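Work through the exercises below with the model open beside you. Try each task before reading its solution.

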Amino acid sequence: METINNEKFGKFLTELRKERNITQKELAEKIGVSDKAVSKWERGLSFPDITLLGPLSSVLEISLTELYQGERIEKDAKLEIEKVDTILNNSLQIVAEDTLKQQNRQHKRNLLFLVSILVAIFEFYYLYMHQFIPTDLVNDLRTIVLLSFIFLSYFTFFVKAKLPVYYDQYKLNFYARGGIKMHLTGLVLNNNNWQYIISAICIGCAFLLIVSPILVYLYSAYQLFSFSVLKSLLYTLTFGSILLPVYGAAYRYK
């Protein structure tokens with residue numbers, strides 16, 4: 001049975017786009033993706049998410065079947081059973097591949113969560129046993145650890161893998177669900193960058209959990225910097241380890 005031919009689809013997409021005098025950027029804006037994504041489709045490097053085929057067919061004024069097949073179908077022509085089977089099989093293939101990718105991402109996040117929590121527990125236990133945690137820093141450190149743990153837990157186990165469709169249709173820069181709220185000024189959230197944003201948050205929180213006790217240890221054991229510098233470093237690390245990766249991921253895969 002035939003499988004998806006990305007190269008054939010890409011050539012057909014290019015042909016349809018040029019017939020309507022639409023640039024890659026214009027097409028991307030109409031369906032809520034980046035022009036880089038359209039470029040990859042046209043070069044046969046990837047295939048659109050199955051949820052984007054509907055918007056693509058509307059913009060390019062062609063039937064879903066023709067777009068999916070990567071070729072025009074004569075008017076009133078009937079599809080053979082084999083071709084219908086191929087379309088259905090390819091649809092299932094796309095869904096299965098997407099599911100497998102999501103499972104792999106989730107497995108990596110679970111592993112990151114487990115490792116970072118275990119390492120952080122060991123580090124803080126060591127600091128506590130050797131009385132390396134300054135009394136004046138307990139509340140600040142507790143806040144940092146608690147926020148890191150909450151965000152890491154939420155974006156590892158509870159966040160939805162995909163954003164609602166309207167995120168791809170409108171340029172939205174905020175996310176609010178399950179008590180978690182984010183407002184990324186100057187950026188756009190969509191299903192192109194959402195998975196990368198989730199990963200960036202998980203990595204940033206894990207990094208914060210592991211590195212913050214190291215800074216406390218360097219201050220208490222070696223007096224490498226003053227207490228005020230330690231607090232500045234911790235709060236800079238708190239915002240930097242999360243915001244910078246998130247903005248980087250959101251901008252790169254917008």
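Contact here means heavy atoms within 4.5 Å. The model is predicted.

**Exercise 1. Determine how long helix 1 is and what its buried residues pack against.**

Solution. 
- Step 1: Helix 1 spans residues 6–19, which makes 14 residues.
- Step 2: From first C-alpha to last, helix 1 reaches 20 Å, close to the 20 Å expected at 1.5 Å a residue.
- Step 3: Buried means under 20% relative accessible area. In helix 1 the buried residues are Phe9, Gly10, Phe12, Leu13, Thr14, Leu16 and Arg17.
- Step 4: These buried residues pack against helix 2 (24–31), helix 3 (35–42), helix 4 (53–60) and helix 5 (64–69).
- Step 5: Look past the end of the helix. Asn21 follows helix 1 and has a positive phi, near 55°.

**Exercise 2. Find the salt-bridge partners of Glu7 and Lys8, and place each pair in the fold.**

Solution. 
- Step 1: The structure holds 7 salt bridges.
- Step 2: Glu7 pairs with Lys11, with 3.5 Å between the closest N and O atoms. Both lie in helix 1, 4 residues apart, so about one helical turn separates them.
- Step 3: Lys11 has 55% relative accessibility, so Lys11 counts as exposed.
- Step 4: Lys8 meets Glu71 in a salt bridge at 3.1 Å, N to O. Lys8 belongs to helix 1, while Glu71 sits in the loop between helix 5 and helix 6 (81–129); the pair therefore ties together parts 63 residues apart in sequence.
- Step 5: Check accessibility. Lys8 is partly exposed at 32%, and Glu71 is partly exposed at 27%.

**Exercise 3. Which residues join Glu19 and Arg20 in one salt-bridge network?**

Solution. 
- Step 1: Start with the Glu19–Arg20 salt bridge, whose closest N and O atoms are 3.3 Å apart.
- Step 2: Glu19 is partly exposed at 43% relative accessibility. Arg20 is partly exposed too, at 25%.
- Step 3: Follow the shared partners. They link Glu15, Glu19, Arg20 and Arg72 into one network.

Note on methods
Residues are numbered from 1 along each chain as its sequence is written. This is a predicted model: local features need pLDDT of at least 70, side-chain atom pairs count only at pLDDT 80 or more; totals for chains, interfaces and linings use all residues. Side-chain values use heavy atoms; hydrogens and water are left out. Helices (H or I, at least four residues) and strands (E, at least two) are DSSP runs, numbered from the N terminus. The expected span of a helix is 1.5 Å times one less than its number of residues. Buried means under 20% relative accessible area, exposed over 50%, partly exposed in between (1.4 Å probe, protein chains only). A salt bridge is a side-chain nitrogen of Lys or Arg within 4 Å of a carboxyl oxygen of Asp or Glu.
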